[in-house]
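Please look over the model below.

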Amino acid sequence: MKLPSEQEIMELAVETLKLEVDESFNASTHIFGDAGEGALGLDSIDALEIGAIVKQRYDVKMKADDEASRNAMICVKNLHEFICKTMNDANAEQTENAAVA
């Protein structure tokens with residue numbers, strides 16, 4: 001599976017959550033937090049939606065009790081890095097298993 005671009009992840013978040021963002025929205029914008037302070041102001045229900053679409057689209061599972069998953073939800077940049085790392089790790093494991101078999 002092809003790794004997504006940072007732009008794809010930004011568009012995925014906007015489309016999934018039906019966000020209205022302005023030109024200040026970028027990959028470093030905080031996903032959670034006070035919208036008045038520059039964050040998107042999303043809540044835990046939004047996090048569940050993001051986690052579900054990431055699993056569906058990229059087969060990457062996010063766990064609430066996993067520190068890496070929680071860090072991924074800070075901003076789109078972190079989410080993109082988490083998805084790509086998880087996909088790369090899964091591909092490497094599949095390649096390794098195929099070589100052993």
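## Where helix 2 meets helix 4

In this predicted model, helix 2 contributes Ile50, Val54 and Tyr58 to a contact with helix 4. The partners on helix 4 are Leu79, Ile83 and Met87. An α-helix has 3.6 residues a turn, so residues three or four places apart point the same way.

Two packed helices are described by the angle between their axes and the distance between the axes. For helix 2 and helix 4 the angle is about 35°. Their axes lie 12 Å apart. The crossing of helix 2 past helix 4 is right-handed.

Helix 4 covers residues 76-100, 25 residues in total. From first C-alpha to last, helix 4 reaches 36 Å. That is close to the 36 Å expected at 1.5 Å a residue.

Which residues of helix 4 are buried? They are Val76, Leu79, His80, Phe82, Ile83, Cys84 and Met87.

## The chain as a whole

The protein chain has four helices and zero strands. Read from the N terminus, the order of elements is α-α-α-α. The C-alpha trace spans about 55 × 25 × 20 Å along its principal axes.

The chain has 101 residues, and 33% of them count as buried.

## Salt bridges

Side chains of opposite charge can pair when their charged atoms come close. How many salt bridges does a search of the whole structure find? It finds three.

One of them lies within helix 4. Asp89 and Lys85 pair there, with N and O 2.7 Å apart. Both residues belong to helix 4 and sit four residues apart, about one turn of the helix. Asp89 is partly exposed at 41% relative accessibility. Lys85 is exposed at 52%.

Another salt bridge joins the side chains of Asp59 and Lys55, again with an N to O distance of 2.7 Å. Asp59 is exposed, with a relative accessible area of 53%. Lys55 is partly exposed at 38%. Lys2 also forms a salt bridge, with Glu8 as its partner. The closest N and O atoms of Lys2 and Glu8 are 3.5 Å apart. Lys2 is exposed, at 64% relative accessibility. Glu8 is partly exposed, with a relative accessible area of 29%.

## Cysteines

How many disulfides does the model have? The count is zero. Cys75 is in no disulfide, and the nearest cysteine sulfur, that of Cys84, is 13 Å away. A disulfide needs the two sulfur atoms within 2.5 Å. Cys84 is likewise in no disulfide, with the sulfur of Cys75 as its nearest cysteine sulfur.

Are these cysteines buried or exposed? Cys75 is buried, with a relative accessible area of 7%. Cys84 is buried too, at 10%. Cys84 is also among the buried residues of helix 4 that were listed above.

## Positive phi in two loops

Most residues other than glycine have a negative phi, and most peptide bonds are trans. Lys18 has a positive phi of about 50°, although it is not a glycine. Where does Lys18 lie? Lys18 is in the loop between helix 1 and helix 2. Lys18 is exposed, with a relative accessible area of 69%.

Asp59 also has a positive phi, near 55°, and is a residue other than glycine. Asp59 lies in the loop between helix 2 and helix 3. At 53% relative accessibility, Asp59 counts as exposed. Asp59 is also the residue whose side chain meets that of Lys55 in a salt bridge.

Conventions
Residues numbered from 1 in each chain as written. Predicted model: local features only at pLDDT ≥ 70, side-chain atom pairs only at ≥ 80, totals over all residues. Heavy atoms only, no water. Expected span 1.5 Å × (residues − 1). Buried < 20%, exposed > 50% of the residue type's maximum accessible area, 1.4 Å probe, protein only. Salt bridge = Lys/Arg side-chain N within 4 Å of Asp/Glu carboxyl O. Axes fitted to C-alpha atoms, helices over the stretch in contact; angles between N-to-C directions. Left-handed = near helix turned anticlockwise from the far one by under 90°. Contact = heavy atoms within 4.5 Å.
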